[in-house]
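Let's take a walk through this structure together. Have the sequence and the 3D view ready, and follow along one stop at a time.

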Amino acid sequence: MKKVTKEVYLKWYEDMLFWRKFEDKLAAAYIQQKVRGFLHLYNGQEAVLAGSLHAIDPKKDKLITAYRNHVQPIGMGVDPRRVMAELFGKGTGTSQGLGGSMHIFSKEHNFYGGHGIVGGQIPLGAGLAFADKYQGRDGVTLCYMGDGAVRQGSLHETFNLAMLWKLPVVFICENNGYAMGTSVERTANHTDIYKLGLGYDMPCGPVDGMNPVKVAEAVSEAVERARKGDGPTFLEVKTYRYRGHSMSDAQHYRTKEEVEEYKKIDPITQVLDIIKEKKYASKAKIDEINKRVVDLVKECEQFAEESPYPEKNVMYDTVYEQEDYPFLSHKL
């Protein structure tokens, strides 16, 4: 694994803080009805992405995930202003405002969604890995899913073929405890999700998802295995979401006290504590980072606010390939 240096800790702190503030701004915009539809926020799970990015090469490795997908493309290099514009439904967004919250996408930056169907991205992740192997490329795909998605049959079909063909893919279950609103204990007779990999002789194991170092170590080992041609790994990264499944979630299934307990091991606080303990940055430097984050979030919001909505013809041109399709003569 690449060494976790002072620079890495400072980058982790700034990145994770920005992701948190970015999501907070989206929550506020949702309440103002500037963001419509569903909105699934990543607050609390930032260490999973920070650690994963440390373990890969974004220029050749790929990410694919479910619909809690706003900050992953930013981590892969997508302009955060365009991500926020997409959520605002604006033409400057990553999908010209047509995808919205659940469908951020950037082939240019090796981020392949953003998928609204629960578990739908799992076979697609294996497909991306198959393409790399078939084309003789050196890439590895990280395929994320929630603890609810592991109950889908497509996971088992995918695991079987991924092991059979030794595909260069790392399956990562972000187990935040409650799926859409039902605890892991109530959905299966076992609570160790990673053990699903044992049925396919797939290397697997649990990971502390609140600590980016632990995530980086586990994902690095899995990526190295995949890149050598030894096939997939299944990691159960145990994390926690501070907000509901989506903005419409009343969270009756857990207590506020439970959420506060998890906030005591907040990934951003953990990293900041190490920065202070090891004197990696002065208070002035930390304040500078904090200001930079706040300013960038404001810039993203302003860009999204001022961007135009897409023209109607963009939607039709995207959906209909045939220019003289009968319906199109009445589209405007």
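**A guided walk**

We start at Gln33, which lies in the loop between α1 and α2 (46-55); helices here are DSSP runs of H or I with at least four residues, strands are E runs of at least two, and both are numbered from the N terminus. Before going further, note that this is a predicted model, where local features need pLDDT of at least 70, side-chain atom pairs count only at pLDDT 80 or more, and totals for chains, interfaces and linings use all residues. Residues are numbered from 1 along each chain as its sequence is written, and side-chain values use heavy atoms, with hydrogens and water left out.

Back to Gln33: its phi is positive, about 65 degrees, although it is not a glycine. Gln33 counts as exposed because its relative accessibility is 52% (buried is under 20% relative accessible area, exposed over 50%, partly exposed in between, with a 1.4 Å probe and protein chains only). Gln251, in the loop between β5 (233-238) and α8 (256-263), also isn't a glycine and has a positive phi, near 60 degrees. Gln251 is partly exposed at 25%.

Another backbone stop is the cis peptide bond that joins Gly113 and Gly114, with omega about 25 degrees. Gly114 sits in the loop between α4 (80-87) and α5.

Now for the salt bridges, of which the structure holds 23; each is a side-chain nitrogen of Lys or Arg within 4 Å of a carboxyl oxygen of Asp or Glu. One of them pairs Arg81 with Glu299, with the closest N and O atoms 4.0 Å apart. This pair links distant parts of the chain, as Arg81 is in helix α4 and Glu299 is in helix α10 (residues 283-306), 218 residues apart. Arg81 is partly exposed at 28%, and Glu299 is partly exposed at 40%.

What separates Lys283 and Asp287 in helix α10? They are four residues apart, so about one helical turn lies between them. Their salt bridge has its closest N and O atoms 2.9 Å apart. Lys283 is exposed at 65%, while Asp287 is partly exposed at 35%. Elsewhere, Glu14, Glu288 and Arg292 are linked in a network of salt bridges.

Lys264 and Glu261 make one more salt bridge, at 2.7 Å from N to O. Lys264 is exposed, with a relative accessible area of 61%, and Glu261 is partly exposed at 46%.
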